Protein chains: 2
Amino acid sequence: MEQEPIRVGLMGLGTVGSGVVRLVKNHQEDLWQQTGRGISIERILVRDKGKERSVQVDSGLLTERPEEILQDKGIDLVVEVMGGIEPAYTCIREALEEGKHVVTANKDLMALHGAELLSIAGDKGCDLFYEASVAGGIPVLRALTEGLSADRISTIMGIVNGTTNYILTEMARKGTPFADALAKAQDQGYAESDPTADVEGLDAARKMAILAYLGFHTHLALDEIPVQGIRDVTTEDIQFADQLGYVLKLIGIAKRNEGKMEVSVQPALLSGEHPLASVDGVFNAVYIHGEAVGETMFYGPGAGEMPTATAVVSDLVTVVKHMELGVNGRGMVAPYCEKRWKSPREIFSKHFLRLRLADEAGVMAGLTSVFAEAAVSLEKVLQVPISQGGEAEIVLITHTASQHQLETILRRLDEMPAVRQLMSHYRVEGGNG
Amino acid sequence: MEQEPIRVGLMGLGTVGSGVVRLVKNHQEDLWQQTGRGISIERILVRDKGKERSVQVDSGLLTERPEEILQDKGIDLVVEVMGGIEPAYTCIREALEEGKHVVTANKDLMALHGAELLSIAGDKGCDLFYEASVAGGIPVLRALTEGLSADRISTIMGIVNGTTNYILTEMARKGTPFADALAKAQDQGYAESDPTADVEGLDAARKMAILAYLGFHTHLALDEIPVQGIRDVTTEDIQFADQLGYVLKLIGIAKRNEGKMEVSVQPALLSGEHPLASVDGVFNAVYIHGEAVGETMFYGPGAGEMPTATAVVSDLVTVVKHMELGVNGRGMVAPYCEKRWKSPREIFSKHFLRLRLADEAGVMAGLTSVFAEAAVSLEKVLQVPISQGGEAEIVLITHTASQHQLETILRRLDEMPAVRQLMSHYRVEGGNG
C-alpha cells in the first residue's frame, strides 16, 4: 500500500526556500528511496504573493498568513527558512506546540533561543533539526553529535563566515584594501548591502555558539562570546603575516581544557601548515580536535541556495525516517556539562604585534624588557626596513602567553613614549601554539 | 531506576581493540551521559591469553574461544576488531543470527560481504555499523548516509590509505626513493612488514568499494575495481608533477554521470588547488561532490589506535541509543540503483605522460601527430633539458580525453621506433578536468 506523502509547510521562499523547492522536486525519486514516502510541499509562506519568483511554484500554495501553515492539522513538518528572530521564533514555537516537526536554517534564532526550542521539541515529541544553520552544506553538527559522540572535544576552530573569508582572500591574493574587497563581495552577491553581521563577526559568533553548545555539552549565551570583526584588518597586516609563514583569517575559536572553556571570534593568524589555512574564498571549514580522535576537519560551501537546501532537506529526510520509526523528539542529548569560563590567565596563544617606534637608540632594549618583565619571550621579530619621519616599524610574534600577560604588555607599551603607535595585534593559532 | 549496563563482547585486542578498552574506560562518564546506560566489556576474544598487553584488562575477561561471546545470551553487542575475512566473517554472521548487534572496523570483510551481512542484520532487527572501516576517525560514512542524504553524489575521491600517503609525502618532500620511504614507514609503524595490501592499492580499493556502495546506492564487487599501486612511482615523476603544478597521490576515484559509474584506485596527479592536494603524511581525506551541495571534504586521521576506537565507540553509542528507542536494524536504505559501469569511452580525465624519445629531427612532429589523430590536444609540454645517449625526455599533460583515446595513443606510441620508452603515465584530476 502506497503511504501518504509527508506534508510540508515551507516558511520563506528566498534563496534557501527556493533551493528547498528545487531539491525536493529534482531529487523526488531519491528522496522516496531514502524515506519510503513522498514529500509534498503543501503551503509556502511568503511576504508578498505577487512577487516574481526565480523558482516555479503553484501560486495556489502561496500564503501571506503563518497560521495557514501553523494551524493546518494536515501539515506534519515545518521548514523555516525566513531567517531573523521574529516572526521565526513565534512560528517555530507555535509549530512545536502544535506537534509539528521543524527543520530550520536559522542560526540567529538557534544561537539565541535554541536551548528553549529544543526543550519544547523534546517535551512535545517533535524533532527540531538545524544542520543548515552552521556552515551551510557541511554536515558538521551531525559529526559532533554522532560521528564523534564517543570523544571529548577539546578544540573547535571554524571559518564559518564565507563573506569575510572571501574578503580576506581577496585582500591576501590581490592586495585589495578592505573597503574595495567588501564592495566586490557585494557586487558578487557574497555580501549583503548591510554587511554588519558578517563583517563585525556576529554571524560567526552565532555559529560558534551553536558549535560550542553541541561540542562542549553546555549552555552558553551569545553575549558571552567576545567578538571582533575584520574592518580594521589591513593588507599590510596580511603581508607581514605571510612573511612570517601565517595567513590571516576570521576564526571562531572554542577550546576546553580541564572543564573550562573559552569561545571567541576574531581575526587571527593561522600557521600556514594548519588545515584551515588553505580554506579560501567563500568556502567554510570547521576544524575539530578531539582527545581521542585528534585532528579532523570538515570543509565545504558555507552558504548558497543549493548547499544550504541540501542540509535542510537531509534534515527533512531524518525527520521522515524518525516518523516511520516513531522516535521523533527522542534520543537528544541535553547539555550536561557545567558552564565554566576560563579567566584571562587561562587563555593561551601566541600573539602578533605590529608597532611603530621612535627610531632612536635604546628603543629596542626598552621594548624587549617590557616582554621580558611580563615573562613572555619572542618567537620571531621582523624589523621593517622603512624609517620615515624618525619612526621605525617592527612586527613580532610572541611565544605562547596568556591573555592576561598580553594585556599587561599592551598597557606597558601604551605608556612608553617611544612606542608611537600599536598598529595592530592578533591572536596566533596553529603550529605548536 | 538505574538501568543495566550494555554488555559488550570484544573480539580482538590488537591496536584498535586496546583503543576501544581505553576509550570506554576513560570516557565512561561522557558515554553514560550520551546513552543513559553504562557500557560494560564483559568478555574479550584473544588469540593468546598469555600474551603481554599494552592495555590493562582483567585477565578473567579474556577468552580464546569465540563461542564464549557468540553463545552468551547475556551479551547484547559484539565489537569485531580482529580484521581479515576469517574467522571474522563467521563470527559476525553468527552474532547477527543470535540477535546481537555488531560494530566492526573490518574493511576487508565489509567490502567483500557487507551487502550480505547488512541484509542478515536487517532481517534480524540488528544494527551492523562500520564507520571505522573507512578513513579511521573521520565520520564520512555518516556524512554520506545522513548529512548528504538529500543529495545525489556525483564524485567521491579519497586519500584513504595513510601508509601510501606517508610514503608519497616522504618522496615528495625529501626526494626519498620509494624503497627507502617504505622502509621508513615500516620503521615508524605506519606500514606492516608485509606492505602488499597498502602499497598495491588493495586496502584503498576496499574502502572505495564501501564508499561507492553508500554514495551511489548500488552493489559492486571488489574485483570490479581496477587497482594500481605505487611501487612504480619515482621521485622524478613527483618532481615533474610538481613543476607542472600538480601533486602525486594514491587516489580512489568514484564518479557517476547519467546513471553510469566508474570506480578505480591509482596513483594520480591532483591539481595543487584541489582540496585533497594538501593532505599529507598519514592523514586521510574524502572529497565528495554532490549535485546540489557542490564540493565538500572530510579530513582526519585514517588509522591509529584512538582515532579508530573513536569511530568504533561512536557507532556503539548509536547502537545503544537505538536499543533505547527499539529501532535497531531499521531505517537502513538498501541499494536501489542499478549497477551500470562506464565503458572506456565514457571515462574522462586529463593524462600525464613521460616519454624517452630518440633525439632526432621530426620526432616531435611524429609524436604530436599521434595525439592529433586521436583527437587529443595537449595542455602542457615540458621538454626536459637532458639528452644522453641520443635520447631526450619529454613530459606532457593532455587536455581531457577518454580512457579509450588514451589507450589508442599508448598503442600508437608503442609502435613508434622513435619512442624509446614510456617512463610513466598517470591520470590527472582536479582543475577543470
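Predicted model: local features only at pLDDT ≥ 70, side-chain atom pairs only at ≥ 80, totals over all residues.
Start with the area buried between chain B and chain A: about 4300 Å², with carbon and sulfur atoms giving 57% of that. Buried area here is the accessible area, with a 1.4 Å probe, that two parts lose on being put together, summed over both.

Residues are numbered from 1 along each chain as its sequence is written, chains are lettered from A and ligands numbered from 1 in the order in which they are written, and side-chain values use heavy atoms, leaving out hydrogens and water.

**Stop 1: the two faces**

Select the contact itself (heavy atoms within 4.5 Å): you'll get 47 residues from chain B and 47 residues from chain A. Next, show the polar contacts. These are pairs of N or O atoms within 3.5 Å; within protein, one must be able to donate a hydrogen and the other to accept it, and residues adjacent in sequence count only if both atoms are side-chain atoms. Between chain B and chain A there are 17 residue pairs in polar contact, both residues at pLDDT 80 or more.

Which element of chain B gives the largest share of the side that touches chain A? Color helix 12 of chain B, which supplies nine residues. Helices (H or I, at least four residues) and strands (E, at least two) are DSSP runs, numbered from the N terminus.

**Stop 2: links across the interface**

Look for salt bridges, meaning a side-chain nitrogen of Lys or Arg within 4 Å of a carboxyl oxygen of Asp or Glu. Two of them cross the interface of chain B and chain A. Zoom in on B:Arg152 and A:Asp30, whose side chains meet in a salt bridge at 3.1 Å, N to O.

Then select strand 11 (residues 294-301) of chain A along with strand 11 of chain B: they run antiparallel and are joined by three bridges. Click A:Met297 and you'll find its bridge partner, B:Tyr299, in strand 11 of chain B.

**Stop 3: the sheet in chain A**

Chain A has an open sheet of six strands in the order 3-2-1-4-5-6, with parallel pairing; strands pair if DSSP finds at least two bridges between them. Strand 3 (62-63) and strand 6 (128-129) of chain A each have a single partner strand, so one side of each has no neighbour in the sheet.

A:Leu77 has A:His101 as its bridge partner in strand 5 of chain A.

Now try A:Glu116 and A:Arg93: they form a salt bridge, with the closest N and O atoms 2.4 Å apart. A:Glu116 sits in helix 5 (residues 107-124) of chain A and A:Arg93 in helix 4 of chain A, 23 residues apart.

**Stop 4: over to chain B**

Bring chain B back. Here, too, six strands form an open sheet in the order 3-2-1-4-5-6, with parallel pairing. Its edge strands are strand 3 (62-63) and strand 6 (128-129) of chain B.

Finish at strand 5 (residues 101-104) of chain B, which runs parallel to strand 6 of chain B and is joined to it by two bridges. There, B:Val103 stands opposite B:Phe129 in strand 6 of chain B.
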